[in-house]
Amino acid sequence: MIEPTQVRRLVVRIPNWVGDAVHSLPAVTALRRYFPAAELTILARGEVGALFLHHPAVDRVASYPRVHGVVPQLIQLWRTAADLRRQAYDLAVVLTNAFEGAWLMFLTGISRRYGYATDGRGWLLTDGVPCPPRIRSLHQADYYLALLAEMGIPATRTTERLWPTEAERRQATERLRAAGWSSDRPLIALCPGAGYGSAKRWPVERYAELAARLISRHGASIVLLGGAAERRMVPAFAAVDRAHLMDLVGETSLREAMALLAACDVAVSNDSGLLHLATAVGTPAVALFGPTDPDRTGPTTARATILRQRVLCSPCELRECPIDHRCMERISVAQVSDAAVEMVMGHGQSATTRDGVAPSTQTVAVFLDRDGTLNRDVGYLSDPDQLELCPGAGAAVRSLNEAGLRVIVVTNQSGVARGLIAHDQLEAIHRRLAVDLHESGATLDAIYYCPHHPDAQCRCRKPQAGLIEQAVGAYSVDPSRSYVIGDKLADVQLARRVGAASVLVRTGHGTRTLEAWPGDQPRPDYIADDLPSAVRWILGMIDARHAGQEARCELPVGGGHRERPDSGEAEAT
C-alpha cells in the first residue's frame, strides 16, 4: 500500500504494442486519480509513447528508440536508466511483462518498483506481484488494473480514449480532401494489416472486394491505413475505383493515423493496433477476429461490432495458421459490408436508402456549458481541486457517448482576461474535468472556451457563435440537428443563433435565469431540472426522429418541461 502523499513523481512503463498501450489507458487514468499531485511520466519504447501526448492524465512522455543487437540494446538501456535516475522518481509501475522493462527500472534505482513477477524478473522488482491463471485470463485492460489493485490503488474500468489535437484533425481533413475525398460521401477506413502474424489477417483480396462494394453500392469513400510493412498488400486494390480510394498505407505516423481515423465514419480492421486506435478516438469499428480472443484483447467500447466464426480451433493464439485459416476465411464480404453500413447509419447520419449509406457525413453534437451545467458553479474557478461534477453529470455524458453523439463543451472564461486565472490553470481544470468524467466512463470530444473580457466584443464569447463555428469545422457537425445545454440566457441565444435546439437546466444560474427571463426573448425548447433530465429529453427526441415521429410527440422523459409550440408556457412531462 502506497500513500498518495509519498509520491511526488512516478513513471509508468507502458506496453510496446499499440493495442496493449491503448488497453493500458484505464490503468494510467487510475494512477492519475490516486496520485493527483504527482508528476506522471509515461515511458515507452519506440513511437507508441506518442499516443499519450495531450492525454489529460499524463504530464510528460519519455521514449527511447528500438535498436537491434545485444550490445546496442544494453547501451541504450543504460543510457535510458541514467536519464531516469536524474529525474529522481519515487515510484515505477511496469505494465509490460517482459524482462527488459523490469531490468531497466532496476538499473534506475527507483526505490519502489511494481510489476507482475513474470518472465523470471521478480527479483528485479521491489514489489513483484504474482500472476496466477485467473489474472492471465482477464481482458488486457483488466489485467493492468489488477496490478494496481494489488498495490492498494482503486482501479475500475474507464473509457479508453485518446485525443488528436485540433491542428492534427484539421491537417487530417485537409490531407483527405487533397487525396480526393468529398465530405458529402461517408468515409470508411480499411486496415488490412496486423503486426502479430498472418493468422490475424482477413484475406486482403476480401478487403479489396469490400472496398469496391462500399464504393459502388453505398457511395462511400475508402482510406487505406497501415504500417510500412503492409505496403505489399496495396496491389490487391489495383482494380478498385481510384477516384474514391485513398492509399495512405505506410505514410502516416501514429498520431497522424489517430487523426485520420477520427475523421472516419467507420473503421474496418483486423485485431490490430489501428482497430484500438479507432475506438479510442471515438470512431465506430467493425472488428474481424479469428485466432485471438475478443474477450481478452477485443475493443472495450460499445461502438464496435465484432465479427468472428466460432470454429473448434479458435482462438488458437497462433501467429500463422497451420491448416486452412477457416476462422477468417469464413467471414464473408457481405457480412462485413452489412456491418459497416449499419455502423455508418447509426453514426448520427441523415436519411438513408435501402441499399445506400447516408449522403451526408455531418454528425450530431451536444454542446454543453461548463459551470452550473456540467460542474458546480463556484464563481471564478481557479483550482482544479474545487471542481465538482454536478450529480449524475458523468452518467449523462456517458449516455451521449454511447448514443454516438459528439459532446463538446463551450464556455465563457473571462477570468483569464480579468487576471483571475492563467491559461495553464484553466488547462489543469479541464484536465481534471476530463479525468473526473473518465471515472464515470464518459468522455468529451473537445472543450472550447472564450478567454476574453465581455467588453472585447469578440466573436467567440457566447452568445456569439464563434466557439460552435470552430467545433463545426473541426468535427463536421450539423448545427441544425444539434443541441445546446446551459443555465444562462446566453446559451439559449447561442442555440438560436446557430439553429440548434436549446435546453435550459435549472442548476447553476438556471432558476434565476428563468425568473428574470426577458419578455422579448423566445423561450428554450426544453427546460430540464438538471443535465441527466436534459440528456433523457435529447435522446428521446432523437429516438422519435429516427422512428419517423413528429418532434411534438409525447415523450417518456421525466424531470423537465417541454415548451408548447403555440405558447410561451412550459408543459410538465
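Author: Here is a walk through that sheet, its helices, the core and then the other sheet.

First, the ground rules. This is a predicted model, where local features need pLDDT of at least 70 and side-chain atom pairs count only at pLDDT 80 or more, while totals for chains, interfaces and linings use all residues. Residues are numbered from 1 along each chain as its sequence is written, and side-chain values use heavy atoms, with hydrogens and water left out.

Let's start with the sheet itself. It is open and has 6 strands in the order 3-2-1-4-5-6, with parallel pairing. Strands here are DSSP E runs of at least two residues, helices are H or I runs of at least four, and both are numbered from the N terminus. Two strands count as paired if DSSP finds at least two bridges between them. Strand 3 and strand 6 (127-129) sit at the edges with a single partner strand each, so one side of each has no neighbour in the sheet. On average, neighbouring strands are turned by 20° against each other, direction ignored. For angles in general, axes are lines fitted to C-alpha atoms (for helices, over the stretch in contact), and the angles run from 0 to 180 degrees between N-to-C directions.

Strand 1 (residues 9-13) is joined to strand 2 by 5 bridges, and the two run parallel. Arg-13 stands opposite Leu-43 in strand 2. On to the next pair: strand 2 and strand 3 (residues 60-64) also pair in the parallel sense, over 5 bridges, and Ala-44 faces Ser-63 in strand 3. Strand 2 (residues 39-45) is mostly covered, with 5 of its 7 residues buried. Buried means under 20% relative accessible area, exposed means over 50%, and partly exposed is in between, using a 1.4 Å probe and protein chains only. Further along the order, 4 bridges link strand 4 (residues 91-94) and strand 5 (residues 112-116) in parallel, with Val-93 opposite Tyr-114 in strand 5.

Next, the helices. Helix 2 lies across strand 1, strand 2 and strand 4, running at about 155° to strand 2. Helix 6 lies across strand 4, strand 5 and strand 6, at about 135° to strand 5. As for these two helices together, the axes of helix 2 (residues 25-34) and helix 6 (residues 140-150) come within 8 Å and cross at roughly 25°. Helix 2 and helix 6 are therefore roughly parallel to each other; the cut-offs are under 35 degrees for roughly parallel, over 145 for roughly antiparallel, 65 to 115 for roughly perpendicular, and oblique for the rest. Pro-26, Ala-27, Ala-30 and Leu-31 of helix 2 meet Tyr-144, Leu-145 and Leu-148 of helix 6, where contact means heavy atoms within 4.5 Å. By class, that contact has 7 nonpolar, no polar and no charged residues. The classes go like this: Ala, Val, Leu, Ile, Met, Phe, Trp, Tyr, Cys and Pro are nonpolar, Asp, Glu, Lys and Arg are charged, and the others, Gly among them, are polar.

What about the core? The largest nonpolar core has 65 residues, and Phe-35, Leu-51 and Leu-277 touch the most other members. Such a core is a set of buried Ala, Val, Leu, Ile, Met, Phe, Trp, Tyr and Cys residues joined through side-chain atoms within 4.5 Å. Helix 9 gives the most to this core, with 7 residues. Leaving aside neighbours within four places in sequence, Phe-35 is in contact with Ile-2, Glu-3, Pro-4, Val-7, Leu-10, Leu-91 and Ile-153. A second, separate core of 37 residues includes Val-364, Leu-368, Ile-429 and Leu-444.

Ala-220 lies in the loop between helix 8 (204-218) and strand 8 (221-224), and Ala-220 is buried, at 0% relative accessible area.
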